[in-house]
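Good morning. I will go through one structure today, starting with its aromatic rings and then moving on to its core and its surface. Please have the picture open while I talk.

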Amino acid sequence: MKKILYILDTFETGGAEKSLLDIAMHNREVVSVFVTLYQGNQLAETAQKAGIKVIALNRNEKYAFNKIAQLLLPIVREEQPDIIHATLFRADIVARKLKKYFSIPLVSSLVNNSYVADRYQKLSFIGKLKLYYIQQLDAKTAKKVDFFVSNSQTIKDSNAKALRLNLDKIKVIYRGRELSKFTSITSQQIEETKNALNIPSNSFVFLNVSRLLDRKGQLDLLKAIDVVSKSNNSVKLFIAGEGFYRSVLEQYIQENDLSAHVTLLGNRSDVPVLLHLADAFVFPSHYEGLPGALIEAMMAKKTIICSDIPENKECVSDKEALIFQKGNVAQLIKLIENVIHHPNVYNDLGENAKKVAIEKFSIEKVVAQYNSFYSSIVNASQP
């Protein structure tokens, strides 16, 4: 049985971390071991309960790539994996530094549209220089990676250009989700959560699930809700997730007196329940990886309103979602109001979205694709 040593920055509840853990928990053909480098291990307990070994270095440095690579040497020697699979920038750089010590095949995940023009444009001059340095370091060290796995075609194309990668070395495998998590919610769970969140029975509930980051477009969403709430007093928006942008969102909520309409929930372990109690799901991101939260909303058969970025449109078309121009708050307002006033008109979109999610993103299909990918790597590395 093959052993995969996954190296991650942290084990927090981000899309990449949750996705790899879901794959490992459903994979019976490989032994999965996770090594997390920096502080933050919220998902470790879930992994360990599933019988997956987690080694947490819990380093408090921000980078210290060389030092941390040295700490990994005895771990790699003891575990003797068939493949090392690194995900996210810091883990990628550390894993690439290990290549001079081991001939073990190295896989790197491409999960973010990290170097798009939109990101550069929003940065200060110093910020642009820092991101450019990171991009050059990423591109230079990427030569040490044997294979890449991208979570979407959009991310493959973008990163291949930004990092000067050989397209033949990149395999596209979508993120997967377990359908049963989003179909086995009871009415009791929904009512208990509604009561806990103090949601009146006449409310129209919108949900966003995402890290709190500028690029997630949540400020656009707050601006839209600010307008909509003035003529629809029963509207509620819940945002599940945590991140550096919380203070900006909190300030906007306070300055515009939106606390009766908007709640920042922080990280939640009950997203499937939140999806079922919501009337609609809103995903206004400016750029993404493959949006796992959007896929979960599809599986929950939600009416979806999302931005027209390529990453979202790789998941849904106008047959499965209401799509607006990225950053266009006026369009977003119009779609939110349409859903509030004519909710049943859009039921077919949710039905269609669920069918697409089952076809493209079921965890069983994704695990099978990963196993085929891993097998091809091991076979290619054998003499």
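**Aromatic rings, core and surface**

There are 9 aromatic pairs in this structure, which is a predicted model. Let me begin with Phe65 and Phe89. Their rings are 6.2 Å apart, centre to centre, with 80° between the planes, and that makes the pair edge-to-face. What does this pair tie together? Phe65 belongs to helix 3, residues 65-79, and Phe89 to helix 4, residues 89-97, so the contact joins parts that are 24 residues apart in sequence. Is Phe65 buried or exposed? Phe65 has a relative accessible area of 12%, and the cut-off for buried is under 20%, so Phe65 counts as buried.

Now compare a second pair, Tyr370 and Tyr374. Here the centres are 5.7 Å apart and the planes make an angle of 50°, which is called tilted. Both tyrosines sit in helix 16, residues 363-381, and because they are 4 residues apart, about one helical turn separates them. As a reminder, an α-helix has 3.6 residues a turn, so residues three or four places apart point the same way. Tyr370 and Tyr374 are both buried.

Tyr6, Phe11 and Phe34 make up one aromatic cluster. Also, Arg90 places its charged end over the ring of Tyr38, at 3.9 Å from the ring centre.

In soluble globular proteins, nonpolar side chains tend to be buried together. The largest nonpolar core here has 38 residues, and the members that touch the most others are Ile7, Leu37, Leu72, Val94, Leu98 and Leu165. Several elements give two or more residues to this core, among them strand 1 (2-8), strand 2 (30-38), helix 4 and helix 7 (153-163). Which element gives the most? That is helix 3, with 7 residues.

Helix 4 deserves a separate word. Of its 9 residues, 7 are buried, so helix 4 is largely enclosed by the rest of the structure. The buried residues of helix 4 include Ala91, Ile93 and Val94, but also the charged Arg90, Asp92 and Arg96.

Last, the surface. Where is Phe125 placed? Phe125 is in helix 6, residues 125-141. Its relative accessibility is 62%, and since exposed means over 50%, Phe125 counts as exposed. Together with Ile126 and Leu129, Phe125 forms a nonpolar patch on the surface, and the three share about 330 Å² of accessible area.

That is the end of my part.

Notes:
Residues are numbered from 1 along each chain as its sequence is written. This is a predicted model: local features need pLDDT of at least 70, side-chain atom pairs count only at pLDDT 80 or more; totals for chains, interfaces and linings use all residues. Side-chain values use heavy atoms; hydrogens and water are left out. Patches are made of residues with over 30% relative accessible area and no salt bridge: like charges are joined within 9 Å, nonpolar side chains (Val, Leu, Ile, Met, Phe, Trp, Tyr) within 5 Å. Accessible areas come from the Shrake-Rupley method with a 1.4 Å probe; for residues, only the protein chains shown count as cover. A salt bridge is a side-chain nitrogen of Lys or Arg within 4 Å of a carboxyl oxygen of Asp or Glu. Buried means under 20% relative accessible area, exposed over 50%, partly exposed in between (1.4 Å probe, protein chains only). Rings of Phe, Tyr and Trp (its six-membered ring) pair if their centres lie within 6.5 Å; planes under 30 degrees apart count as stacked, over 60 as edge-to-face and the rest as tilted. A charge sits over a ring if NZ of Lys or CZ of Arg is within 6 Å of the ring centre and within 35 degrees of the ring normal. A nonpolar core is a set of buried Ala, Val, Leu, Ile, Met, Phe, Trp, Tyr and Cys residues joined through side-chain atoms within 4.5 Å.
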